[in-house]
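Visitor: I'm new to this one. Can you walk me through the structure?

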Amino acid sequence: TTNRTFTMIKPDAVANGHMGAILNDIISAGFKVIALKYTKLSEESAGKFYEVHKERPFYKDLVSFMSSGPIVAAILEKDNAIEEFRKLIGSTNPAEAAEGTIRNKYAKSIDANAIHGSDSDENAEIEGNFFFSADERF
Ligand code: CMP
């Protein structure tokens, strides 16, 4: 799975009308969509998804924000997907995100930062499995 990553278009970007533009940026950058879902996380499932951050001071806010509205989840494929995708989305803090990156264009704050990208092959696998069964992948 070294050529795959997992993403979520976060509630802020969906609510602000950027879902289509962001998907277009992703596809235009050469990522192939393997799986795609418009859905909403419950507080419980958001808590589970972000369990690795449980001890971080921002955990509670993160879970409540990520369950505040619908999101788009996707598995994406490209050579060197993890690194290429992180380049496309820019720094976690949009104030530090490079010009032209998705977070530079669409994100407002470190919490409402428009999009998620997996940080490792291992996490891409875990996160993709959280949302998608085998028969939802093409
Ligand atoms: P994401 O990559 O989806 O995973 C964890 C999220 O926590 C991160 O994006 C940010 O939106 C949010 N977050 C809030 N504060 C921080 C922080 N200080 N460091 C890292 N992530 C943070």
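Guide: A word on annotations to begin. UniProt positions are given in the numbering used here, feature names are shortened, and annotations may be inferred rather than shown by experiment. Residues are numbered from 1 along each chain as its sequence is written. This is a predicted model: local features need pLDDT of at least 70, side-chain atom pairs count only at pLDDT 80 or more, and totals for chains, interfaces and linings use all residues.

Visitor: Which residues does UniProt list for "binding site"?

Guide: The unreviewed entry lists Lys10, Phe58, Arg86, Thr92, Arg103 and Asn113.

Visitor: Where is Thr92 found?

Guide: Thr92 is in the loop between helix 5 and helix 6 (102–106). Helices (H or I, at least four residues) and strands (E, at least two) are DSSP runs, numbered from the N terminus.

Visitor: And why does Thr92 count as partly exposed?

Guide: Because Thr92 has 16 C-beta neighbours inside 10 Å. A residue is buried if 20 or more other C-beta atoms lie within 10 Å of its own, exposed if 12 or fewer, and partly exposed in between; C-beta atoms are placed from the backbone.

Visitor: What about Asn113, buried or exposed?

Guide: Asn113 is buried, with 23 other C-beta atoms within 10 Å. Its place is the loop between helix 6 and strand 4.

Visitor: What does Asn113 touch, leaving out residues up to four places away in sequence?

Guide: Lys10, Thr92, Pro94, Arg103 and Ala107. Contact here means that two C-beta atoms, placed from the backbone, lie within 7 Å.

Visitor: New topic. Which residue does the "active site" annotation cover?

Guide: In the unreviewed UniProt entry, that is His116. His116 sits in strand 4 (residues 115–117). With 21 C-beta neighbours inside 10 Å, His116 counts as buried. Not counting residues up to four places away in sequence, His116 touches Thr7, Met8 and Lys10.

Visitor: Which residues are around the ligand?

Guide: His53, Phe58, Leu62, Thr92, Ile110, Asp111, Asn113 and His116. A residue is near a molecule if its C-beta atom, placed from the backbone, lies within 6 Å of it.

Visitor: How many of that shell are nonpolar, polar and charged?

Guide: Three are nonpolar, four polar and one charged. Ala, Val, Leu, Ile, Met, Phe, Trp, Tyr, Cys and Pro count as nonpolar, Asp, Glu, Lys and Arg as charged, and the others, Gly among them, as polar.

Visitor: How many bridges join strand 2 to strand 3?

Guide: Seven, and strand 2 and strand 3 (residues 71–77) run antiparallel. Lys32 stands opposite Glu77 in strand 3. Lys37 faces Ala73 there.

Visitor: And how many between strand 1 and strand 3?

Guide: Six bridges, again in the antiparallel sense. Ile9 has Val72 of strand 3 as its bridge partner.

Visitor: How many residues of strand 3 are buried?

Guide: Five of its seven, so strand 3 is mostly covered.

Key:
Two strands pair if DSSP finds at least two bridges between them.
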